[in-house]
Amino acid sequence: MDYKDVGIVILAAGKGTRMRSNIAKVLHKVAGTSMIVHVIECAKKITADNIYVVIGHQAQLVKEEVNRYFKVDFAFQKQLLGTGDAVKAAIPGLKSGIKDILVLCGDVPLIQENTLRKLVNEHKKKQVKITVLATDIEEPGSYGRIVLDEYNHLLYIKEDADATEIEKKIKKVNTGIYCFDKELLISAIDKIKPDNIQAEYYLTDVIGIAKKQNESIQVLTMDDPREVMGVNTLEDLGKVECLIQLLGK
């Protein structure tokens, strides 16, 4: 399948407060290489040109690290106001020929090429407006929960901080990786509001807006949750360091 009309936005602006480190989260190393470099390396296997890295905290250091390895475009998130605001920062720089936007997280270094190809292929094949990558985890922790109806259609995604006790028991979680129709994303992202406990602009709210507009949305559930493990603490970093050999990345 041709990926020339796919743009990849990688979120790499966050502080990573829970890392308890002076180093920007995405600059922490796994197998001797910073997490952001692992993610871009995988993204480059999908598209060589249309990669946009959103930077914010320690922006210059992150930019310098990325530029050591790759030629990419950068977008600057002026204030760290959430994932929705981060993606919005990248939109003005997107090339006109891009039709679909693949959103990745700079702190998920174990993501594999085959998973991203399957996600984009399913998105294009089904001709939907949004494809959400999900996985099932026995202990969902701080992941957003995927709430489905009785027909396994997506109702909404609820961030852990805003979830009810019943929602917290859901084991199907949002990986933070998506494929969006570009025009829908541009239209919906202006409508999201920071009306949640963290007062942030959630990218997941784009899905709620699309639902109200009766747009087509699908959830693709991947088998191996280890591959999409996000690094939020030094303990997580240690786990990912062990896993990287097992997954052959």
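**Reading the packing of a predicted chain**

The chain has eight helices and eleven strands (DSSP runs numbered from the N terminus: helices are H or I, at least four residues; strands are E, at least two). This is a predicted model, in which local features need pLDDT of at least 70, side-chain atom pairs count only at pLDDT 80 or more, and totals for chains, interfaces and linings use all residues. Residues are numbered from 1 along each chain as its sequence is written, and side-chain values use heavy atoms, with hydrogens and water left out.

Me: Which residues of helix α3 are buried?

Reply: Buried means under 20% relative accessible area (1.4 Å probe, protein chains only). In α3, residues 83-90, they are G84, A86, V87 and A90.

Me: Why do the buried residues of α3 line one face of the helix?

Reply: An α-helix has 3.6 residues a turn, so residues three or four places apart point the same way. Seen down the axis of α3, the buried residues fall within an arc of 160 degrees, so they line one face; the arc is that of the directions from the helix axis to the C-beta atoms. Their cover includes β1 (6-12) and α6 (182-189).

Me: How many residues has the largest nonpolar core?

Reply: In soluble globular proteins, nonpolar side chains tend to be buried together. A nonpolar core is a set of buried Ala, Val, Leu, Ile, Met, Phe, Trp, Tyr and Cys residues joined through side-chain atoms within 4.5 Å. The largest has 37 residues, and α1 gives the most to this core, with six residues.

Me: What does I36 touch beyond its neighbours within four places in sequence?

Reply: Contact means heavy atoms within 4.5 Å. The partners of I36 include I10, V53 and G106.

Methods. Buried means under 20% relative accessible area, exposed over 50%, partly exposed in between (1.4 Å probe, protein chains only).
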